[in-house]
Amino acid sequence: MLVIFFLVPFAIMVATSFYHRIEGAFYEPAFELANWQRVFTRVPLERTLFSIWISFLAGAACIAVAFPFTYFVTRMRRRAHVTLLIVVMSALSLSEVIVAFSWSVLLGRAAGLPNILAWLGLADEAQAWQPSFVAVLLGLSYIAFPYCVLTLYPQLTRLDPEVTEAAQTLGASPWRTFWTVVVPIMRPTIVAGFLLVFVFTLGSYLISFFLGRPEHWTLSVYISDQVSFNANVPFASAMAILLTVLSLVVVVIVSIVESRTRRLA
Amino acid sequence: MRAVRVSVTAIAVVFLLAPLAVVAVVSFNESRYMDFPPAGFSFAWYGELISDTGWRGSIETSLLIAVTSAALAVAIATPLAYVLRTYRIRLSPLLYTLGILPFMLPPVISALGATVFWNATNHIGHIENVIVSHGIFFSTLPLVTISLAMETMDPSLPEAAQTLGADHRTTFRTVTLPLLLPSMISGYAAAFVLSLNEYIISFLVAGFSVTTLPIKIVNGLRYGFEPTIAAVSVVIILVAATVFTLFAIFGNLLRFLGADPTVIERQR
């Protein structure tokens, strides 16, 4: 089943990327490199680089908050621990649609933060904070945050409390323990979490579509647009393969990092 | 450090909950337009979800897809997990990777793969396309839950059944399957919630003829704001929170998320 429904479509996609597109119609089997040549022109490459850049920032932002957050959660009492995880899992299950909508309301002029600030007299006039680069970044971080927590979580629960206790017995402050003991031990996990967020946000579609202007659109939006509005399936296939290769490279790095972590553990 | 701990946790929780809170406020707003402060309290937009045929239709479509595709996902994952575990064939790691790969990669890739697949079979725009595509894509979740359960299952139980004369099939049906049932249910629940929320696959595979709830929301947003969108978002959020709360009560949420079992014992 999996072979049929995952590998076969992928093979068809590879083949389709060489097909010939008929303007205004569909596409026909052929072998030509035109679609691939177009992949390496300015606009697609710009989208690719932009996607990589914003995914990189989202990954960094997520780790910066998610790592200490997860560390604290694993050291809480069971009730708080489970409750916070339910919050995280619920956020995880929200579709991009709802996340994009929520953030557009929250950052919007009508009923969001800018309006509340103006109402409280903290700002002169309510101005919409979206669409903008920051809005896309916030949205991407939001959808990736739960996944980030979930990659960090298993390893952080395995961090022996005696290690941090030993550091503190030897006189290190909790702050110092965190930076000189916890972070170095967890470095591979942090790298894995960062890369996971990176791949995950690389594939996001609706966030950049709704919270950004066209210059903030990611590769996924570009690909889907080629399918649904330009009906250019062959070119979209070529772009999708590029995206697959990019993501696979990152996934392979993650699994190498992870297997190394396991060997150390 | 205590101050840091409290503030980091608070920032994360506010970050996770703030958009949801705003949406909830908007959904109870009486006015058709977004306003702050809200102009009165009303359940009207929730009522519209049921009375409006467009919204009700998309809810029914989404539920149908989620119920069937989650079942399909479990049906694919159970034998795969069982075979991977029991026979320990050489291809096991490869097959397992293949099972979780669609989930690791950007969904637009699976979506496009599914689209060209259905185009090639000349079977375009049907609801069963979405069901099958979701079933494949989300089979990862039951695969993980069932594999975890198999790892923790006591191997002496099926062995005992066989010593007592049960054949392979009877053992599976009367011993292994009941033991795996909780993990199958939690895998089903996770696949169900995610299918309910999935947009890009449904859109590319059959977006022009099958309107799922997320597709309906996106279409609504393209034409501007409707308070019903806020109401339906709140409903979906509540469903998700309920499913995972039940998961935490009846299943082992912490174990599913990969916690070290001894940690869980310590915190009890």
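Predicted model: local features only at pLDDT ≥ 70, side-chain atom pairs only at ≥ 80, totals over all residues.
**View 1. Secondary structure and burial in chain A.** Chain A comprises 13 helices and two strands. Among its 265 residues, 49% count as buried. Of the contacts in chain A with a separation of 6 or more, 70% are made by residues 24 or more positions apart.

**View 2. The contact between chains A and B.** Chain A contributes 67 residues to this contact, and chain B contributes 65 residues. On the side of chain A that touches chain B, helix H4 (residues 78–93) of chain A gives the most, with 10 residues. The residues on that side of chain A divide into 48 nonpolar, 15 polar and four charged.

**View 3. The two assigned domains of chain B.** The domain assignment of chain B gives domain 1, covering 1–42, and domain 2, covering 56–267. Eight residues of domain 1 of chain B are in contact with seven residues of domain 2 of chain B. On the side of domain 1 of chain B that touches domain 2 of chain B, the residues comprise five nonpolar, two polar and one charged.

**View 4. The largest nonpolar core.** This core has 148 residues, and those with the most contacts inside it are Cys148(A), Ile223(A), Ala240(A) and Leu112(B). Helix H7 (residues 133–157) of chain A gives the most to the core, with 15 residues. Because domain 1 (1–42) and domain 2 (56–267) of chain B both give residues to this core, it lies between them. As general background, nonpolar side chains tend to be buried together in soluble globular proteins.

**View 5. The surroundings of Ala240(A).** Ala240(A) is one of the residues with the most contacts inside the largest nonpolar core. Not counting residues up to four places away in sequence, Ala240(A) touches Met13(A) and Ile223(A) in chain A, together with Val108(B), Ile109(B) and Leu112(B) in chain B. Two of these partners, Ile223(A) and Leu112(B), are also listed among the residues with the most contacts inside the core.

View 6. Gly135(B) is located in helix H6 (residues 127–137) of chain B. Gly135(B) is classed as buried because 25 other C-beta atoms lie within 10 Å, where 20 or more are required. Leaving aside neighbours within four places in sequence, Gly135(B) is in contact with Ser69(B), Leu72(B), Ala73(B) and Ile76(B). By contrast, a separation of 24 Å lies between the C-alpha atoms of Gly135(B) and Val232(B), which are 97 residues apart along the chain.

Note on methods
Residues numbered from 1 in each chain as written. Chains lettered and ligands numbered in written order. Helix = DSSP H or I, 4+ residues; strand = E, 2+ residues; numbered from the N terminus. Buried ≥ 20, exposed ≤ 12 C-beta atoms within 10 Å, placed from the backbone. Contact = placed C-beta atoms within 7 Å. Domains from an automatic or database assignment. Nonpolar A, V, L, I, M, F, W, Y, C, P; charged D, E, K, R; others polar. Core = buried A, V, L, I, M, F, W, Y, C linked by C-beta atoms within 7 Å.
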